[in-house]
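Here's a quick briefing to read with the model open in your viewer. Have a look at the fold, then work through the topics below.

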Amino acid sequence: MDESAEKPVSVTKGAEPAPALRASDADRDRTADILREALAEGRLTAEEHAERIGAVYRARTHAELEPLVRDLPKGRRPAPGGPLPYPYPVPSAATENLVAVFGGAARKGRWRVGPRTNAFALFGEVEIDLSEALFTQREIVINATAVFGGVDIKVPENVSVRSAGTGVFGGFDVRTHEADDPDAPVVLVTGFALFGAVEARARRGRRVRNLLARG
């Protein structure tokens, strides 16, 4: 009698699929850098850039980010840590959160603006004034959410302003423009307004004099 025939046959169960890896703010910012370079090099049109950059800041996983840059060169992709810095190394501020719930919050005057600022207004008002801000890198992101409230953003007239936001029964009024200087800072406003308003506009006569945050 063949004893091996009596041994039970082991069955290997299929491995559980690995969960999708969540994307961080730094991952989204690095992907946005690739898109920005592609726009500057003429690989993407302004419309294509706006469409993709909006998808970047809606993405929750790496699997959602990868298709957005799959057809673009990544040789100049920055090292992990955030957006491309200005020519000289400068300390980078952390993400800042401004919250106004049945009240107000403001950031203005001479302050060091980091790579990302989150603004949330619920029956309140948030004011962000970059007129005298010290920029720590070329591109910054302001993620604005207004629910029965408002977020008001002011920028110097010599920076580029781009938008990737949406208004739902509300207004997302970002006056986009491209600065004459190709090395000027870029302010990207993302988010949404629900029964509220997000506004961003240039302050005429106010210009960034020192693009490096050293003070």
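Let's start with T117, which is found in strand β4 (strands are DSSP E runs of at least two residues and helices are H or I runs of at least four, both numbered from the N terminus). Keep in mind that this is a predicted model, where local features need pLDDT of at least 70, side-chain atom pairs count only at pLDDT 80 or more, and totals for chains, interfaces and linings use all residues. Residues are numbered from 1 along each chain as its sequence is written, and side-chain values use heavy atoms, with hydrogens and water left out.

**T117 and its surroundings**
- T117 counts as buried, at 2% relative accessibility (buried means under 20% relative accessible area, exposed over 50%, and partly exposed in between, with a 1.4 Å probe and protein chains only).
- Which residues is T117 in contact with, leaving aside its neighbours within four places in sequence? They are E96, L98, W111, I128, V141, I142 and N143, where contact means heavy atoms within 4.5 Å.

**The whole chain**
- The protein chain has 3 helices and 12 strands.
- Of its 215 residues, 45% count as buried.
- Take the contacts in the protein chain with a separation of 6 or more: residues 24 or more positions apart account for 69% of them.
- The accessible surface of the protein chain is about 11,900 Å², and 52% of that belongs to carbon and sulfur atoms (areas come from the Shrake-Rupley method with a 1.4 Å probe; for residues, only the protein chains shown count as cover).

**The open sheet**
- An open sheet of 5 strands runs in the order β1-β4-β7-β11-β9, with parallel pairing (two strands pair if DSSP finds at least two bridges between them).
- At the edges sit β1 (96-101) and β9 (160-168), each pairing on one side only.
- From one strand to the next, the twist averages 10 degrees (axes are lines fitted to C-alpha atoms, for helices over the stretch in contact, and angles run from 0 to 180 degrees between N-to-C directions).
- Strand β4 (residues 116-122) pairs with strand β7 (residues 139-147) in the parallel sense, over 7 bridges.
- Why is β7 largely enclosed by the rest of the structure? It's because 8 of its 9 residues are buried.

**Salt bridges**
- The structure holds 9 salt bridges (a side-chain nitrogen of Lys or Arg within 4 Å of a carboxyl oxygen of Asp or Glu).
- One of them joins R30 and D27, with the closest N and O atoms 2.4 Å apart.
- R30 and D27 both lie in helix α1 (residues 25-40), 3 residues apart, which is about one turn of the helix.
- Are these two buried or exposed? R30 is buried, with a relative accessible area of 11%, and D27 is buried too, at 12% relative accessibility.
- K108 forms a salt bridge with E127, the closest N and O atoms being 3.7 Å apart.
- That pair links distant parts of the chain, 19 residues apart: K108 is in the loop between β2 (104-107) and β3 (112-113), while E127 is in strand β5 (residues 125-129).
- E127 also meets K154 in a salt bridge, at 3.5 Å from N to O.
- K154 lies in strand β8 (residues 150-156) and E127 in strand β5, so this pair ties together parts that are 27 residues apart in sequence.
- K154 is buried, with a relative accessible area of 14%, whereas E127 counts as partly exposed at 22% relative accessibility.
- A network of salt bridges links K108, E127, D152, K154, E199 and R201.

**Helix α3**
- L65, L68 and V69 are the buried residues of helix α3 (residues 62-69).
- Seen down the axis of α3, those buried residues fall within an arc of 80 degrees, so they line one face of the helix (the arc is that of the directions from the helix axis to the C-beta atoms).
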